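Hi,

Here is the structure I promised to pass on to you. Have a look at it first, and my notes follow below.

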Amino acid sequence: MTLLAVAEAGKGLLEADAPVLHADDEGVLRGRAVFETIRVYDGAPFRLEAHLDRLDASAAQLGLPPVERGLLRTAALAALAASQERNVVLRLLWTPGREGSGRATGLALVSTLPGGHDELRARGLRLAVVTWSPGTLVAGVKSTSYAENIAAQAHAARHGADDALFVDPGGVVLEAPTSNVWWREGDRLVTPALALPILAGVTRAVLVESLPELGFELEEGAFPLARPLAADEVLLSSSVREVMPVVAIDDAPIGDGRPGHAAAALQRALRAAAGYPEAG
Ligand code: PLP
């Protein structure tokens with residue numbers, strides 16, 4: 001992703017390459033900051049308020065000052081207005097700032113979309129299973145301590161996969177490092193429950209809303225890996241990658257080994273919810 005524009009809460013637009021954080025910012029020194037990643041469709045950040053809600057909840061979990069929502073929203077809109085492109089990624093960062101300063105910093109970053117998603121959607125992802133025991137604090141919090149998530153993705157890549165699938169030490173399926181996971185069993189879509197240590201995906205919530213209209217039942221719970229392995233299809237959901245079909249887990253093909261119809265229907269439903277056409 002290439003950075004296109006940056007704005008700071010309370011200060012407004014900055015030069016995209018301007019230094020903005022101090023060396024002793026706790027977010028940098030300790031990974032004690034929170035963030036959100038939001039898809040922007042034709043200039044409009046999708047479900048911005050839901051992302052601000054989650055940012056604020058994550059900040060509260062880590063004991064950070066409450067998010068100054070109005071200032072951060074204004075900064076986000078300023079950064080988007082300054083961006084040349086309209087289909088982009090908006091990231092929000094809320095960090096407690098310099099040690100002992102008591103003055104938090106909020107940043108809004110607009111970047112280009114990562115390339116290749118349509119091709120990946122057409123061929124489907126291959127996942128590698130990674131055993132994962134999230135800490136009690138970090139589970140479900142979008143903190144900047146994502147080093148383990150990124151390491152899991154690197155592990156998957158070393159094993160010829162596109163992404164990781166987290167399974168807890170007891171064998172319960174959780175999520176992917178930056179996405180929620182789903183699978184289809186006939187007319188039922190199954191996904192790990194939010195009571196598990198997973199992130200409450202904004203995309204997950206949009207898809208849950210769309211299921212009745214698409215004729216799917218929803219089942220949420222704690223499930224062993226055998227369930228997605230035996231499913232008709234598997235898919236991931238996230239703001240940036242949207243709905244991604246999964247065609248193999250640890251080299252075992254899922255269903256007929258090709259992207260399935262539920263993934264395609266959910267991708268269309270997501271784009272419809274965003275008011276943005278599927279092919280774009
Ligand atoms: N799970 C994790 C661990 C994530 O980091 C993300 C997003 O980055 C998701 C799930 C999907 O969340 P959302 O749909 O809000 O992008």
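Let me begin with the core. The largest nonpolar core has 26 residues, and Val 34, Leu 72, Leu 90, Leu 92 and Trp 94 have the most contacts inside it. By nonpolar core I mean a set of buried Ala, Val, Leu, Ile, Met, Phe, Trp, Tyr and Cys residues joined through side-chain atoms within 4.5 Å. Buried stands for under 20% relative accessible area, exposed for over 50%, and partly exposed for what lies in between (1.4 Å probe, protein chains only). Two or more residues of this core come from each of strand S1 (3-8), S3, H2, helix H3 (69-82), S5 and strand S6 (105-112), and H3 gives the largest share, five residues. Helices (H or I, at least four residues) and strands (E, at least two) are DSSP runs, numbered from the N terminus. Another core, of 19 residues, lies apart from it and includes Leu 120, Leu 236, Met 244 and Val 246.

Before going further, please keep in mind that this is a predicted model, where local features need pLDDT of at least 70 and side-chain atom pairs count only at pLDDT 80 or more, while totals for chains, interfaces and linings use all residues. Residues are numbered from 1 along each chain as its sequence is written, and side-chain values use heavy atoms, with hydrogens and water left out.

Back to Leu 92: not counting residues up to four places away in sequence, Leu 92 touches Val 34, Phe 35, Glu 36, Ile 38, Leu 48, Leu 52, Leu 55, Leu 72, Ala 76, Leu 107 and Ala 108 (contact means heavy atoms within 4.5 Å).

Next, the sheet. Six strands form an open, antiparallel sheet in the order S2-S1-S6-S5-S3-S4; two strands pair if DSSP finds at least two bridges between them. Strand S2 (12-14) and S4 are at the edges with a single partner strand each, so one side of each has no neighbour in the sheet. Eight of the eight residues of S3 are buried. Val 34, Glu 36, Ile 38 and Val 40 point one way from S3, and Phe 35, Thr 37, Arg 39 and Tyr 41 the other way. S3 pairs with S5 over seven bridges in the antiparallel sense; Phe 35 has Leu 93 as its bridge partner, and Thr 37 stands opposite Arg 91. S3 also forms a hairpin with S4, with two residues between them, and Asp 42 in the turn has a positive phi of about 50°.

Of its 45 lining residues, Phe 35, Lys 142, Tyr 146, Pro 177 and Thr 178 are the closest to its centre. H5 gives the largest share of the lining, four residues. On a 1 Å grid over the protein atoms alone, a pocket is an open set of points where a 1.4 Å probe fits, with protein on both sides within 12 Å along at least five of seven lines, and lining residues have an atom within 4 Å of a point.

Best wishes
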